[in-house]
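Got the viewer open and a selection box ready? Let's take a walk through this one, stop by stop.

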Amino acid sequence: MPCSFRICCWSVLFGALAGSLQSSVVLNELLYHPPDDNDALQFIELHNTGPEPVALDGWRLTRGVAFTAPNWTLPAGGFAVICRNRAAFERQFGPGLPVIGEFKGRLKHGGERVELTDAGGRVVDALRYDDTPPWPVGSDGYGASLERIVADGPAGDPDNWAAAVNSDPQVLAATPGRTNTVASIHRPPRISPVTFEAPRPGVPVQVTAKVTPATPGLRVELQYWVIASTTVPEPATVILEGGSVPGEFRGSIPAQPAGRLLRFRIRAVDARGAERWEPAPGEPRPTFSAFLQDNTNRLTVPEARLLTLGPRESPGASLHHRSRGRDITLLRGQSAFVVFPTNGTPAQTFDHIRLSPRSGGWKVRLHKDLPLDGMTTLNVVYEQRPRWMLSEPLAYEVFRRAGVPAPNTGHLRLWLNAQPLGYHLMFEQVNASFLRRHQLDPDGNLYKLLWYGNDVIGQHEKKNNPESGHADLLEAIALLDRGTGDRVWGDIQRAFHVGEFASYFAVSHCIQNWDGFFNNYFVHRGPGPDGRWTIIPWDQDKTWGDHDGASRAYDWYDMPLTYGMKGDRRPGSRFSFFRLGNTGWDGGSWWRPGGYFSGPLLAHPQFRGRFLTRLHEVCQDVFTEPALLPVINDLERRLAPEVQYRASLEGMDPSQARAEFLELVDSFRRQLKHRRAFLIRALERESAGR
């Protein structure tokens, strides 16, 4: 038999077998990254696209999570849901849905392969999803599931998946047990790429969209909004016309005046009614956006505008959707943040963001796929005292130079809509993007140390992974309290990034971060049994000689080297106003007891040796006048004009405000000189006593 004939026969046979193995049951919907990292809500939905029922007994989910189906028949056109935690699922989505069981494991937020096999172990459908384009971003923690568009279309094609859509952007969008919000009988047209010049005031915006397939009857249109105030108007529509290039459609948005926010998107509808939007409605940014203003910024700091659009959030409150007894924080918003850099480059527009009022300013939540210099959540504030506008960024700068992961900071001249507010401090929130930038795994546990709370758990606010509780934290504290022997020291070195902790405490002593031993920092533990603890500074306003009740000359230099360690005692002080609960905190002085981490670590002989050595190094290389005076001088140069401008906005004397500002800057120079001298003397005494 000729070889070619045998190959042909085998091809026909395998083709017939492959056809017989094809199943009408598909992976139809996944909620792989619920809001707030609440992975108890994860689910996978199966859908029977065929005309006959299918017995699922013995079918399995593999490669990602594990599940074996019970004796269950999936009717024609029916749905079956496998969830991670049935109680949590039903609290969120209600009872009565076709839940056939719980899977083991967890769907990865960053994407992975999921397989559905029949009772014979044959793969009947498989999906490798991802959290970055071309896969939908809206399903990655933004309050939307990942839905299949054409049920019997290709599972591996990201164009056949979209984030679920809800008319209310603050409501979790998912359809377990029901038809997908994006479902289509046949594949809608594909829109990619969309190209346009950077929009400018007074110039029409030429837009080109490539749409395939360009079938007869295809309609392509552009929808746009021009926003001049805090009210979003109804959109206008422009029909895009086809040209000489097949599938290429062109049109233009009429010229608009400066100071407007322009939003637009493309819609393509084929002759049978299948439609697609670009960007998709379920994405965190469902439009292309630009603020129509040329960057003429010649200031010494960036300029920025906060545009408050849509419903306002309550001061001090997160925006939540309450559903069946549980609050869920959703990340999509309707406001915008526009930054005008000092180097003359085009303005950066961050649209469809959440803008939350907070003490002294706003929390600006950008989207993870469009950060500002790697930052996704910014705090934009004007502190209660002008000095705190200096102490916070200078403190973080010292931490960074000493190798401690610390938030980025900066200053900018701020506008709220059309109202000028003067200069503000901007500093980064410690979150998943911060962790990634510092090579820390965001899947690890992140805790914020609080001064209030009645016990260990109450004083450690968990910022992610709510399901896993505080077990690793309690284990770490128990380890630190086990004693000071060599074996304990070996366990500490395996469990902690000892060098970073030593650097953190060394810098905290240099800048007299008296409020950062007992509380006011984050700790992070990497995932897995070998994960180690890292410490991250926070809330650095009352540093550099400032404390509750400090002299306005900021001439306090003598916080002792025993500060923060177990056994340290509060020195005599005329400040002793009140005590709070069982925290041991005297509200009117700088003294705090040792914290859960600082107390035992700084009292451990081996760690204390590392800490003192590191403090000496920092005083020689980092906390020195040659190293930091240029930083202080540059801060003075950049902010002095802004201090005067803000004073004029507030009806104050600009000259007096400048003089007071220059005196504040001098207090940092004095603090650098005298605190360093005190530390060197104390280290010499410590060395002589050993």
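**First stop: a polar pair**

Select N445 and D472: a polar contact of 2.8 Å joins their side chains. (A polar contact is a pair of N or O atoms within 3.5 Å; within protein, one must be able to donate a hydrogen and the other to accept it, and residues adjacent in sequence count only if both atoms are side-chain atoms.) What you're looking at is a predicted model, where local features need pLDDT of at least 70 and side-chain atom pairs count only at pLDDT 80 or more, while totals for chains, interfaces and linings use all residues. Residues are numbered from 1 along each chain as its sequence is written, and side-chain values use heavy atoms, with hydrogens and water left out.

Stay on N445, which lies in strand β31. Helices (H or I, at least four residues) and strands (E, at least two) are DSSP runs, numbered from the N terminus. Is N445 buried or exposed? N445 counts as buried because its relative accessibility is 12%; the cut-offs are under 20% relative accessible area for buried, over 50% for exposed, and partly exposed in between (1.4 Å probe, protein chains only). Now show what surrounds N445: leaving aside neighbours within four places in sequence, N445 is in contact with K462, N464, N465, S468, D472, V523, H524 and R525. Contact here means heavy atoms within 4.5 Å.

**Zoom out**

Colour by secondary structure and you get eleven helices and 34 strands. The C-alpha atoms fill a box of roughly 95 × 65 × 55 Å, taken along the principal axes. Of the 690 residues, 54% count as buried. Among contacts with a separation of 6 or more, 65% come from residues 24 or more positions apart.

**A helix at the end of the numbering**

Select residues 654–689, helix α11. How far apart are its end C-alpha atoms? They are 52 Å apart, which agrees with the 52 Å that its 36 residues should span at 1.5 Å a residue. (The expected span is 1.5 Å times one less than the number of residues.) At the N-terminal end, pick D653, which caps α11: a side-chain oxygen lies 3.0 Å from the backbone nitrogen of S655.

Next, pick D666, found in helix α11. D666 is partly exposed, with a relative accessible area of 31%. Draw a distance from D666 back to N464, one of the contacts of N445: the C-alpha atoms of D666 and N464 are separated by 41 Å, and the two residues are 202 apart along the chain.

**A helix tucked inside**

Move to α7, residues 498–510. The 13 residues of α7 should span 18 Å at 1.5 Å a residue, and the end C-alpha atoms are 18 Å apart, which agrees. Why is α7 largely enclosed by the rest of the structure? Because eleven of its 13 residues are buried. The buried ones include F501, Y504 and F505. Just after α7, look for Q512, which takes a positive phi of about 55°.

Select G422 in strand β30. G422 counts as buried, at 0% relative accessibility. Its contacts, leaving aside neighbours within four places in sequence, are L412, R413, L414, Y645, R646 and L649.

Most residues other than glycine have a negative phi, and most peptide bonds are trans. Here are some exceptions to click on:

- N417 has a phi near 55°, sits in the loop between β29 (409–416) and β30 (419–428), and counts as partly exposed at 22% relative accessibility.
- Q439 also has a phi near 55°; Q439 is in the loop between α4 (432–437) and β31 (445–449) and is exposed, with a relative accessible area of 70%.
- P133 and P134 are joined by a cis peptide bond with omega about 10°, and P134 is in the loop between β10 (123–128) and β11 (146–148).
- E278 to P279 is a cis peptide bond with omega near 0°, and P279 lies in the loop between β20 (275–278) and β21 (288–292).
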